[in-house]
Amino acid sequence: MTSRRTFLLSGLAALAGTSALANAPAVSLRPVARKVSSLAAGADGLRALIERAGLRGEAVCAVADVKTGKLLEASGGSQALPPASVAKALTALYALDVLGADHRFETRILATGGVSGGVVKGDLILAGGGDPLLNTDHLALLAKALKTAGVREVRGKFLVWDGALPSVKTIDPDQPDHVGYSPAVSGISLNFNRVHFEWKRAASGGWAITMDARTEKYRPEVATARMEIQSRAVPVYTYAEKGGVDHWTVASKALGKGGARWLPVRNPAAYAGDVFRTLARAHGIKLSKPKETRTLPSATLLAQHRSPPLDVLLKAMLKYSNNLMAEMIGMSATAARAGRPASLKASAAEMIRWAAGKYGMSGSQLVDHSGLGGDSRMTPADLTGALVAAYKAGQLKPLLKPFQMRDAKGRTVKGHPIKVAAKTGTLNFVSGLGGFMTAADGNVLAFAIFTADQKTRGRLTRAQRERPEGARSWNRRAKQLQQQLIERWGAVYGS
């Protein structure tokens, strides 16, 4: 099982790449001094440390002993700030409680009207089951399984059902159109609902471009996303939906000699159907142009693909901070708990109702399950309380990513006395960190730190949100404050 899980997680890393919203602390923790300075001593020391950081905006935090549940200290513990991707820690707990660690998502190939002599007399249906890890390789296996089952011909229509979850065109409408970390969400996804755009200099002096659903093994070109190069410098990308097809343009002066990037998909059902149709054709099975169906009729199961178990998915989600995984898993938990949600925001509200009953979280409100939406708010006291309860139940800590401690020059410090397993959260002018730290004496503490410069963030235009001026340096200082707080807690409560 260990080797299988390692393989699955490494495969996710290859697909997901580096997330712009999942950066670990840029400056690592330093070994704590044996002698506690006056700055670290008592409640005044905590306030002085935060004030000395001089971070523009607000900084709040809380820390508790996991064994006793006692709140050791807090600053603004009941003040709610944007949690960014730290919200994924709560989503993981929600999914574990509602769905269970062994839950698997299923993607099925169904047939209406029966199969006789290798002929599907009715319709063939690609039915999504909320699997956030589905990729082109998996669809290829389903196409092969269809041929192995003896299917040669489909007389009816080719339908795609994505109704297991509500359809959302983008996780956060405030994000630029072209960022791959805010794709569409629905009951079916493929390659994290991203299409691969690649451009190369052509012999004629222009560019050769491709739009495909690639994995390491397959590169099927798609008809559901199109790219046009236009002679301009800015904007780099524009987007419009025309007849269910994603139409992109790109500025010629931004292309250089060549390159590639993943662009978000806004019509997941059409995208998955388009790719499966190509893969089925490679096995001699001709399908009509895919159409989306709102209802799932009674049908015969011909083939299915099952995801890895939920705990494996959650570990990957937390490690790579994949937004689509968080939204699909979170909405699937809501569907199982309270019925199919009407929207992403409604699903997040149901998760908060669950958290209020389970952990007493009363000061937090979320608009999604990933933390990407800037209107989400969470208090450090709420999260710390949930972390304490999760630790006692043996949950979450094994799924969180451990962080190596480094010295001032960025070198790993072997045998560092503080061990941290936590979830980071990064948006423009928002930085969060929540999880567990094991101090030098073995004492385990649960903590939550949220920082935000909401005024500066609020002035950003939609186009500025990808790389705004000053955001990188602000976030670096915020992460330095997080590390100083952990050093303080290690010195005061664990040395």
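A search of the whole structure, which is a predicted model, finds 16 salt bridges.

**Exercise 1.** Determine which parts of the chain are linked by the salt bridge between Glu-106 and Arg-306.

*Solution.* Step 1: the closest N and O atoms of Glu-106 and Arg-306 are 3.5 Å apart. Step 2: Glu-106 belongs to strand E3 (residues 106-111), and Arg-306 to strand E16 (residues 300-306). Step 3: the pair therefore links distant parts of the chain, 200 residues apart.

**Exercise 2.** Locate Glu-466 and Arg-261, and classify the accessibility of Glu-466.

*Solution.* Step 1: a salt bridge joins the two side chains, with an N to O distance of 3.8 Å. Step 2: Glu-466 lies in the loop between helix H10 (454-458) and helix H11 (471-494), while Arg-261 is in strand E14 (residues 258-264), so the pair ties together parts 205 residues apart in sequence. Step 3: Glu-466 has 24% relative accessibility and therefore counts as partly exposed.

**Exercise 3.** Classify Glu-292 and Arg-294 as buried, partly exposed or exposed.

*Solution.* Step 1: these residues form a salt bridge, their closest N and O atoms being 3.2 Å apart. Step 2: the relative accessible area of Glu-292 is 41%, so Glu-292 is partly exposed. Step 3: Arg-294 reaches 68% relative accessibility; because exposed means over 50%, Arg-294 counts as exposed.

Notes
Residues are numbered from 1 along each chain as its sequence is written. This is a predicted model: local features need pLDDT of at least 70, side-chain atom pairs count only at pLDDT 80 or more; totals for chains, interfaces and linings use all residues. Side-chain values use heavy atoms; hydrogens and water are left out. A salt bridge is a side-chain nitrogen of Lys or Arg within 4 Å of a carboxyl oxygen of Asp or Glu. Helices (H or I, at least four residues) and strands (E, at least two) are DSSP runs, numbered from the N terminus. Buried means under 20% relative accessible area, exposed over 50%, partly exposed in between (1.4 Å probe, protein chains only).
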